[in-house]
Amino acid sequence: MQHPIIKVVSRFVALLPREEAFILSYFTKQHYKRNEMLMKEGAMAQHIFFVVQGGLQQFYVDDNGVEHTCNFI
């Protein structure tokens, strides 16, 4: 079975097996709990996330305390 990341990349470019292995060497599988924050406000991004299962909401809170969704994956 093809890895989900390779499946997406393969839609745009043909990869050799060694290239697939190279790409996957940069990723580790992580599990997060519901409502767990991946990044806090003001933090510098240290990771790239690829959602395989579940959902992800990107949002910010404005000066009035109102939450605004930017992306929903």
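Tyr 60 comes out as partly exposed, at 43% relative accessibility (buried is under 20% relative accessible area, exposed over 50%, and partly exposed in between, with a 1.4 Å probe and protein chains only). This is a predicted model, so local features need pLDDT of at least 70 and side-chain atom pairs count only at pLDDT 80 or more, while totals for chains, interfaces and linings use all residues. Residues are numbered from 1 along each chain as its sequence is written, and side-chain values use heavy atoms, with hydrogens and water left out.

Tyr 60 sits in strand β1 (helices, H or I of at least four residues, and strands, E of at least two, are DSSP runs numbered from the N terminus). Between the C-alpha atoms of Tyr 60 and Cys 70 there are 7.5 Å in space, against 10 residues in sequence.

Strand β1 turns up again in the largest pocket, where it gives the most to the lining, with five residues. A pocket here is an open set of points on a 1 Å grid over the protein atoms alone, where a 1.4 Å probe fits, with protein on both sides within 12 Å along at least five of seven lines; lining residues have an atom within 4 Å of a point. The volume of the largest pocket is about 1800 Å³, taken as the space filled by probe spheres set on the points, which are joined across faces, edges and corners. Its lining runs to 37 residues, with Tyr 32, Leu 38, Phe 49, Val 51 and Leu 56 nearest the centre. Both α1 (4-9) and β1 supply at least two lining residues each.

Val 52 is exposed at 56% relative accessible area and belongs to the loop between α2 and β1.

Asn 35 lies in the loop between α2 (17-24) and β1 (57-61), and is exposed at 73%. Its phi is near 70 degrees, a positive value in a residue other than glycine.
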